[in-house]
Amino acid sequence: MKVFTKPVTAFMQNTRFITCEETGDTAILDPGGDAHLLLDHIASNNLTVKCVLLTHGHLDHVGASVELASKLDIQIIGPTEEERFWFDALPMQSQMFGFAPHEVFYPDRWLEHGEVFNLGNLNFEVRHCPGHTPGHIVFYEASKQAVFVGDVLFKGSVGRTDFPKGNSEQLKTSIKTQLFTLPDDVKVFSGHGPNTSIGYEKAHNPFMSGRFG
């Protein structure tokens, strides 16, 4: 598995290009904006893009999805349908986050907890992790010891819960039951900031140790 990270927009959101090295199949995870930069990367690297994958519906994670799906003739997949609220709110999010106006859209396919999403020879287990948003999911590839967590968990921090339908206790429960049950050496690819590991966050994350909140 090859992962290329392209931070986009003023929010420096980590859009990920995830490629199965055996087949060349690529997914674009959480394309938050700057579609022209993402399309340039695809063209210059001759990538075979199969789909857009979304962890949740915040605009800084989905903003380029429709343009990419249209120009590449691919589907938008994920998160769970509990996230419909945030897709309905995309016009409001444009104002809230200071983005250009964005119309409502929905994924071509919602995912469910426990489902396995296949990309070439890669198999991603879908885990529902509400708290930051109600329908947030993470993608866990056990054979590659990697999990893509969106805005659930960061190095030394956790996702915000002060947006509508956020819930701090629910977020902590999600982290404890869906992430901290993974092996310590699993690499964590977060939606913002540097990568980390499950073991590091279990040992050092102040928001999960009780030092904050």
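Which residues are buried in helix α5 (residues 90-97)? In this predicted model, they are Leu-90, Gln-93, Ser-94 and Phe-97. Seen down the axis of α5, these buried residues fall within an arc of 110 degrees, so they line one face of the helix. Their cover includes α2 (59-62) and α4 (84-88). After α5 comes Gly-98. Its phi is positive, near 75 degrees.

**The sheet**

Six strands make an open sheet with mixed pairing. Their order is β6-β7-β8-β9-β12-β13. β6 and β13 stand at the edges with a single partner strand each, so one side of each is left without a neighbour in the sheet. β6 pairs with β7 in the antiparallel sense, over four bridges. Within this pairing, Asn-123 of β7 is the bridge partner of Asn-118. Helix α6 packs on the sheet and touches β7, β8 and β9. The direction of α6 makes about 145 degrees with that of β7.

| Element | Residues |
|---|---|
| strand β6 | 116-119 |
| strand β7 | 122-128 |
| strand β8 | 137-141 |
| strand β9 | 146-150 |
| strand β13 | 196-197 |
| helix α6 | 168-179 |

**A buried charge**

Glu-83 sits in the loop between β5 (75-77) and α4. Is Glu-83 buried or exposed? Glu-83 is buried, yet has no salt bridge. Lys-165 is the nearest side chain of opposite charge, 8.7 Å away. A salt bridge needs a side-chain nitrogen of Lys or Arg within 4 Å of a carboxyl oxygen of Asp or Glu. Leaving out residues up to four places away in sequence, Glu-83 touches His-56, Gly-57, Trp-110, Thr-133, Pro-134, Gly-135 and His-136.

Technical notes: Residues are numbered from 1 along each chain as its sequence is written. This is a predicted model: local features need pLDDT of at least 70, side-chain atom pairs count only at pLDDT 80 or more; totals for chains, interfaces and linings use all residues. Side-chain values use heavy atoms; hydrogens and water are left out. Buried means under 20% relative accessible area, exposed over 50%, partly exposed in between (1.4 Å probe, protein chains only). Helices (H or I, at least four residues) and strands (E, at least two) are DSSP runs, numbered from the N terminus. The arc is that of the directions from the helix axis to the C-beta atoms. Contact means heavy atoms within 4.5 Å. Two strands pair if DSSP finds at least two bridges between them. Axes are lines fitted to C-alpha atoms, for helices over the stretch in contact, and angles run from 0 to 180 degrees between N-to-C directions. Lys and Arg count as positive and Asp and Glu as negative; His and the chain ends are not counted.
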